[in-house]
Each structure stands twice: as C-alpha cells, then as structure tokens.
Amino acid sequence: MGSSSSALKVCTDHQGGINWLSLSPDGQWLLTGSEDGTARLWSTADSQCRAHFQGHESYITFCHLENEAAFTCSADHTIRKWDVMTGQCLAVYRGHTSIVNRILVFKDYLFSGSYDRTARCWSVDKEKPIQEFRGHRNCVLTLALYSSKDVLEDSEEEELEEEKLSRGFLVTGSTDCTVKVWWVSSGRCHQTLLGHTGAVLCLILDAPNRELFSGSTDYTIRTWNIVTGEQLRVFKEHQGSVICLELVNRRLYSGSADRTVKCWLADTGERVRTFKAHKHSVSTLKYHAGILFTGSGDACARAFNTKTGILQRVFRGHKLVINCIQIHNELLYTASHDGTLRIWDIRSIQGRRSQKGSLSRLFNNKVGCMVHQENRGEQEAVELV
C-alpha cells in the first residue's frame, strides 16, 4: 500500500531521542520525555510547545500527564512532578538507587518501577515513599494497578479513594521472568506468577474479566486469572520477543521483534490474524476506531484495517525507531528516537475503513508497557538478567 503524504508538522525542539509520549485525560496536551533529559508540553490545538521542563540529570525514560501536572522519571534515579502551566518543578521523589523506567499515577498516589529491583508507592504531595515492594531478583520493567473491588461482582457502592487503595494490588513484571502481585497497603507479595522463561516486557490488565496478559522475551504471551494466580492460556506463535500489547473488545493485539503484529481471541487464545509489512521490530501499538496503528524500528508507522488486515497507509519520515504513538481528534502523533514528534492527518484513513469501530481509550494510565529502543530497552534490560 502506498505511503502517506508528508506529516502535517515536524517538531524538532528536543536535542535527543523521544522515549515516551503521554496524552492528558482531557486531550488538550501532549507530553514528551527525551534522551536530552528534558520534557516538553505540546498543545493539541495548534501543536505548539508550551512548556519546557528542565532539571533531570540524565535521560527521561517515561512520562505521564494529568490535566494540571506532569510526571517524569529518569536514569538519574528520580521522579519529578511539574506544574503544567508554569513549568515549575513541584516535587522530586528520591529513593530509588538505579534507573526509574516506569511510573503510574492513581489519584494522589504515584507508583514507580526501577532497575534497582524494587517498585515504590509515593504520596504525590510528599517526596518520600510510603511503601516499597521488594522481592524481584532483577529489574522491574512494567506496572499495572487494580483494586480487589474491580474484580468483585455485584459491587456498586461508592468508596473513598483511600479505601480503594487499601484494597489495591500492584502488578509488576520483571527481567527475572516473573510477574508479582503485591498488596499496596502492606507491600507484601500476594502472588508470584511463574511460567515465563524470559524477561516480562509488557502487561495488560482486564480487571472486569479478572485477567492479566503478559508478554515476554520468551516469545510468548500468557494469560492469568488475577484472583487465583492461575495461568489460563499461553499464546505461542511469535518468533521473537513480545514487546507491546493492546486489548480491545476481547481481541488482543501483540507487537513483536519478529516484525509482526498478531491478533488473538482473548477468550480462547486462537490467533485470528497476522499483520505483516514491518521491516523491523514492532515497538508500539494503538487501536483507534477499527484501525490498528503501529510504530516500528524501521522508522515507519503503519495503519491496518483490523477487520480485513489490509495495510492502509505507511507513514514515512522518521529516521529512527518510533517509540510511542498517540491519537487525538483524527491526528496521529509519532515520537521517535530521532528526536522528532511528527503529526499526521488520519481522516482519510478513517473515511476508507470498512467497519465502524468504537473509540478505544486513548491512553490507559493504569498500564505501562516496555518500549523497544534501538540502543536501550529490551536489549539493555535482558543483558542485566
């Protein structure tokens, strides 16, 4: 299929690769975190850079954006909170002793995972950890969070956020080949999910169905019952590390170092489609209204019709791996290790699609996935095992 026209805009403000791209819940802002040690805030209304967050002493690995606050974590072992409007650093969270590579924000609480083999929980308003999760034998790469109430049937009464957190569970995936489930309130390990024989790179949680999906360098995806810890299914057809996952309407999409994306029926484990055409690892996925968008180590983004499997467009222009993508108001945003943020018009793709798809969640703030990068990421993490 032919390539797209050129990007609507190319933002070149960063002086190093962009490792992550986060969209605010209200859709008004984008946040980029970079190898240059800074983060930048972009308006989705006009694609202009509105703030420049400086203060980290090493590269930013991951970022998360709320409507009024931004959070960044870094190889300098710290996490920072920033005021979106002023760019002022509001807090520095210190305690980790190695690279902090994932963060997750839930109301007034912040969770982090690090190469120091621990995860931590912080009060957003304070700069000291209120809980530490220690037990992994190697790097913590990815995080997910759920409440016991999320998996209980016929439970509709309201509860305070503090009460929900006291019943909360943190899920961590590690290069030690395990997934661990922790009580947030005590820091105690509730379950260790055993089965993977390689580093766990990504997690997707489906709390209403009581399931957790994990992707690994052992080429498999595994499904777990998050109540019992039982391994339910193993998805085995990939020929390379499983780098990223996306779950939509009980269809699971998996991007792999084998240069493919596979679509599976989550309920049975049956593989129903393979999306090819990538010339390098698939580093990121995003489903939007019946179209699957992918980013790859071949520096291209692609759009596939999920019903037919047809490749509808190739977005060319980046020079290095695309690490993250977001979609808002029929615009595709691609962030690359080449240091640029590119913005593409996808209205013509939506007009040509042969199925009516529902708008998926634009960014699941409760799940973090491992991002494959050419000179850092999966390879670096695996080497530390």
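# Strands, turns and cores in a predicted model

Student: What makes strands β11 and β12 a pair?

Tutor: The structure is a predicted model. In that model β11 (residues 109–114) and β12 (residues 118–123) are joined by five bridges, and the sense is antiparallel. The term pair asks for at least two bridges, and five bridges meet that condition.

Student: Which sheet do β11 and β12 belong to, and in what order do its strands come?

Tutor: An open sheet of four strands, with the order β10-β11-β12-β13 and antiparallel pairing. Edge positions are held by β10 (100–106) and β13 (129–134); each has a single partner strand, so one side of each has no neighbour in the sheet. From one strand to the next, the twist averages 20 degrees.

Student: Why is strand β15 called largely enclosed?

Tutor: Buried means under 20% relative accessible area. Seven of the seven residues of β15 (residues 168–174) are buried, so the rest of the structure largely encloses this strand. Both faces are covered: Gly168, Leu170, Thr172 and Ser174 lie on one side, with Phe169, Val171 and Gly173 on the other.

Student: Which strands pair with β15?

Tutor: Strand β14 (residues 140–147) pairs with β15 over seven bridges in the antiparallel sense. Here Tyr146 has Phe169 of β15 as its bridge partner. Strand β16 (residues 179–183) pairs with β15 over five bridges, also in the antiparallel sense. In that pairing Leu170 stands opposite Trp182 in β16. The strands β15 and β16 form a hairpin with four residues between them, and Cys177 in the turn has a positive phi of about 80 degrees.

Student: How do you know that strand β20 is mostly covered?

Tutor: By the under 20% limit for buried, five of the five residues of β20 (residues 221–225) are buried. Ile221, Thr223 and Asn225 point one way from β20, Arg222 and Trp224 point the other way, and all are buried.

Student: What are the partners of β20?

Tutor: Strand β19 (residues 211–216) is antiparallel to β20, with five bridges, and Ser214 stands opposite Arg222. Their hairpin has four residues between the strands, and Tyr219 in the turn has a positive phi of about 75 degrees. Strand β21 (residues 231–235) is joined to β20 by four bridges and runs antiparallel to it; Thr223 has Arg233 in β21 as its bridge partner. The hairpin of β20 and β21 has five residues between the strands, and there Gly229 takes a positive phi near 80 degrees.

Student: What makes a set of residues a nonpolar core, and which residues touch the most other members in the largest one?

Tutor: The members must be buried nonpolar residues joined through side-chain atoms within 4.5 Å. The largest such core has 38 residues, of which Phe53, Phe71, Ile79, Tyr93, Ile103 and Leu110 touch the most other members. Apart from it lies another core of 15 residues, among them Val200, Leu205, Ala207 and Ile226. In soluble globular proteins, nonpolar side chains tend to be buried together.

Student: How many helices and strands does the protein have, and how much of it is buried?

Tutor: There are three helices and 32 strands. Of the 385 residues, 63% are buried.

How values were computed: Residues are numbered from 1 along each chain as its sequence is written. This is a predicted model: local features need pLDDT of at least 70, side-chain atom pairs count only at pLDDT 80 or more; totals for chains, interfaces and linings use all residues. Side-chain values use heavy atoms; hydrogens and water are left out. Buried means under 20% relative accessible area, exposed over 50%, partly exposed in between (1.4 Å probe, protein chains only). Helices (H or I, at least four residues) and strands (E, at least two) are DSSP runs, numbered from the N terminus. Axes are lines fitted to C-alpha atoms, for helices over the stretch in contact, and angles run from 0 to 180 degrees between N-to-C directions.
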